[in-house]
Amino acid sequence: MQLLVPESAPFTSEQRAWLNGFVAGLLGMERALAASGAAGAPAAEKTAAAEETLPWHDPTLALEERMRLAQDRPIELRMMAAMGQLDCGQCGYLCRSYSAAIVSGAETDLGKCVPGGRATAKKLKELLAQAAAAPPAPHASPAAPRVERPVVERGYGRDAPVRAQLVSSTALVSAGAEKETRHVVIGLAGAGLAYEPGDSLGIWPRNNPDEVELLLAILKAKGSEAVTLADGAVVSAREALSSECDLRVPAAALYQLLARESKNEADRSRLAKLAEDDAPAEGLGVHDVLDALVEFSSARPRIGDFVASLGRMQPRLYSIASSQRRHQDEAHLTVGVLRYEMNDRAYQGTGSSFIAEHLRPGRPVSVFVQRSHGFRLPADPAAPVIMVGPGTGIAPFRAFLQEREAAGANGRNWLFFGNQRRDTDFLYRTDLEDFAERRVLDRMDLAFSRDQTNKVYVQHKMLEAAEEVWRWLDSGAYLYVCGDAKRMAGDVNAALHQIAMAQGGKDSAAATRYLAELARAGRYQRDVY
Ligand SMILES: Cc1cc2nc3c(=O)[nH]c(=O)nc-3n(C[C@H](O)[C@H](O)[C@H](O)COP(=O)(O)OP(=O)(O)OC[C@H]3O[C@@H](n4cnc5c(N)ncnc54)[C@H](O)[C@@H]3O)c2cc1C
Ligand SMILES: NC(=O)c1ccc[n+]([C@@H]2O[C@H](COP(=O)([O-])OP(=O)(O)OC[C@H]3O[C@@H](n4cnc5c(N)ncnc54)[C@H](OP(=O)(O)O)[C@@H]3O)[C@@H](O)[C@H]2O)c1
């Protein structure tokens with residue numbers, strides 16, 4: 001069975017070592033999937049995935065690199081390479097089963113991959129067009145069987161959410177922090193949901209009500225007009241814009257509509273180009289749907305047509321930061337509120353600002369539990385655990401510590417946490433210090449990156465403690481990483497590789513094999529986004 005990136009693959013030895021680590025991590029994921037029979041992947045998919053090399057299945061690789069790695073593979077795998085590679089389940093599938101469902105025609109919505117965003121949707125559209133245009137190969141395999149979305153139990157998937165309430169949302173950072181992170185408590189009483197540490201909570205957000213009113217005003221609509229959604233449901237325009245439509249990314253259909261409606265020749269040709277390229281219109285100052293209406297002021301479509309031209313709202317996932325043994329009727333979340341400025345305008349993340357700002361305590365929210373695909377505490381309560389979770393990556397580890405304490409697990413626990421500044425960004429400081437005082441947390445290493453001139457990150461702390469990290473791993477420790485996929489997870493993997501070489505006396509290839517083996521045994525697990 002070919003498991004790792006082959007020596008012949010076009011990478012330097014460092015790149016190969018790093019990629020191999022990721023393949024190793026993902027194999028851990030496949031192993032857990034196979035073991036649990038979890039979340040939507042048909043058995044054939046799991047077996048096939050375990051037997052194939054999928055070198056693009058790595059969330060740290062850029063889209064172009066992933067497409068290059070998949071370039072000679074069948075359409076289904078090229079489409080898989082276009083996905084976000086998190087296997088997060090947010091779309092209702094895994095990366096591979098989503099692509100299989102599209103290829104088989106069972107799924108027609110190309111915009112469901114939230115981590116991949118606009119770039120993924122655009123690439124899928126391009127691949128689908130290429131596939132439709134290509135003549136059938138002389139020995140083409142028979143048409144792909146339909147891959148239907150798995151039926152999910154109520155409360156355990158995006159299409160079967162249940163009603164919960166916001167209990168509270170409080171700041172986890174102090175005045176002066178550069179980023180806002182909040183502790184959010186969702187009340188589950190009556191929802192009948194059960195979750196385990198490592199699971200995420202899916203939330204169906206609602207758009208910023210001020211933005212909805214602004215769009216209605218620009219289009220001179222009352223909001224009470226009946227509009228028809230893609231699935232045939234008829235709702236009011238205000239409700240459609242609030243909960244059914246994506247107001248972040250202007251879809252090609254919106255540009256087409258505005259081009260048809262525009263009274264201005266120059267605008268019509270710019271819009272036609274935008275619709276054709278399906279490209280972000282950043283150069284024009286168009287970042288979201290509101291920008292598109294402001295920029296093309298001669299186009300004022302009817303509200304029903306406008307709603308029909310928008311993409312669909314997608315749910316957002318948040319790692320659960322509590323154990324149900326401690327908080328039976330609640331799920332705690334650690335939400336980083338996304339805010340940024342561009343084009344002289346302030347933008348907010350849809351999901352994070354909904355939870356942090358627009359949702360009021362006591363108000364209902366549509367949620368579901370997204371079962372983890374292989375991010376689970378060891379079954380053996382005596383096994384030592386090392387957790388690496390900078391920023392919001394701390395979330396599942398608060399759940400792990402609560403769970404291990406409540407279950408009376410006697411294995412040692414070691415946390416690496418990092419954030420910008422100790423004074424303002426030490427998330428869950430009281431909780432963590434209490435865990436340390438009660439000896440639930442045996443060791444805590446902190447990396448506050450901006451408290452000194454040089455950046456200090458969690459992987460630097462791991463390297464400083466390399467001898468001890470190795471001793472823990474050697475004595476059977478399980479290692480978990482949560483948080484940023486794009487930079488941190490790869491750097492932590494490289495640090496582990498270095499530790500295996502320096503402390504384990506291994507050469508680069510043996511260190512890579514060691515990490516692969518660790519992942520295969522379920523002792524190196526990642527939940528990155
Ligand atoms: C398994 C999993 C677990 C997760 N757990 C957590 C968690 O515990 N805590 C947490 O906070 N998040 C977590 N996330 C991320 C979370 O799901 C959301 O993606 C996050 O809250 C952002 O969503 P949003 O709706 O606020 O932003 P969106 O409205 O989705 O906006 C995000 C988009 O904004 C754009 N953007 C962002 N920054 C900029 C910028 N500076 N300039 C230009 N454009 C920009 C990008 O296109 C980006 O894709 C998790 C994700 C997954 C998959
Ligand atoms: N997919 C999404 O939509 C989404 C939404 C929210 C967050 N995220 C991801 O989740 C991550 C978590 O966000 P967060 O705001 O809580 O924290 P974060 O940005 O990951 O920052 C936490 C700490 O990690 C440090 N850091 C930066 N680069 C690092 C690296 N290469 N290795 C190790 N540590 C590094 C930061 O330092 P400095 O900042 O000082 O460099 C900071 O001290 C974000 O980075 C983001 O990529 C994704």
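Analyst: Helix H14 passes helix H16 in a left-handed crossing. Keep in mind that this is a predicted model.

User: At roughly what angle do the axes of H14 and H16 cross?

Analyst: The axes cross at roughly 35° and come within 11 Å. H14 covers residues 395–407, and H16 covers residues 429–437.

User: Which residues in H14 and H16 meet?

Analyst: On the H14 side they are Arg398, Leu401, Gln402 and Glu405. On the H16 side they are Asp431, Leu432 and Phe435.

User: And how do the residues of that contact divide by class?

Analyst: The contact of H14 with H16 has three nonpolar residues, one polar and three charged.

User: Switching to ligand 1. Which residues come nearest?

Analyst: Arg248, Arg316, Leu317, Gly351 and Ser352 come nearest, out of 23 residues around ligand 1.

User: Where are the backbone contacts to ligand 1 oxygens?

Analyst: Leucine 317 has a polar backbone atom 2.6 Å from an oxygen atom of ligand 1. For glycine 351, a backbone N or O atom lies 2.6 Å from an oxygen atom of the ligand. For glycine 336, the corresponding distance from a backbone N or O atom to a ligand 1 oxygen is 2.8 Å.

User: How much of the accessible area of ligand 1 does the protein cover?

Analyst: The protein covers 75% of the 990 Å² that ligand 1 has on its own.

User: Which element gives the largest share of the shell around ligand 1?

Analyst: That is E8, with four residues. Strand E8 (316–319), strand E9 (330–337), strand E10 (339–342) and helix H13 (350–358) each supply at least two residues of this shell. By class, the shell around ligand 1 divides into nine nonpolar, 11 polar and three charged residues.

User: OK, ligand 2 now. Which residues come nearest there?

Analyst: Of 17 residues around ligand 2, the nearest are Lys179, Thr392, Arg450, Lys455 and Tyr457.

User: What about side chain contacts to oxygen atoms of ligand 2, at which residues?

Analyst: Lysine 455 has a side-chain N or O atom 2.7 Å from an oxygen atom of ligand 2. For aspartate 484, the distance from a side-chain N or O atom to a ligand 2 oxygen is 2.8 Å. There is also a backbone case: a polar backbone atom of glutamine 420 is 3.4 Å from an oxygen atom of ligand 2.

Terms used: Residues are numbered from 1 along each chain as its sequence is written. Chains are lettered from A and ligands numbered from 1 in the order in which they are written. This is a predicted model: local features need pLDDT of at least 70, side-chain atom pairs count only at pLDDT 80 or more; totals for chains, interfaces and linings use all residues. Side-chain values use heavy atoms; hydrogens and water are left out. Axes are lines fitted to C-alpha atoms, for helices over the stretch in contact, and angles run from 0 to 180 degrees between N-to-C directions. A crossing is left-handed if the near helix is turned anticlockwise from the far one by less than a right angle, and right-handed if clockwise. Contact means heavy atoms within 4.5 Å. Ala, Val, Leu, Ile, Met, Phe, Trp, Tyr, Cys and Pro count as nonpolar, Asp, Glu, Lys and Arg as charged, and the others, Gly among them, as polar. A residue is near a molecule or strand if one of its heavy atoms lies within 4 Å of it. A polar contact is a pair of N or O atoms within 3.5 Å; within protein, one must be able to donate a hydrogen and the other to accept it, and residues adjacent in sequence count only if both atoms are side-chain atoms. Accessible areas come from the Shrake-Rupley method with a 1.4 Å probe; for residues, only the protein chains shown count as cover.
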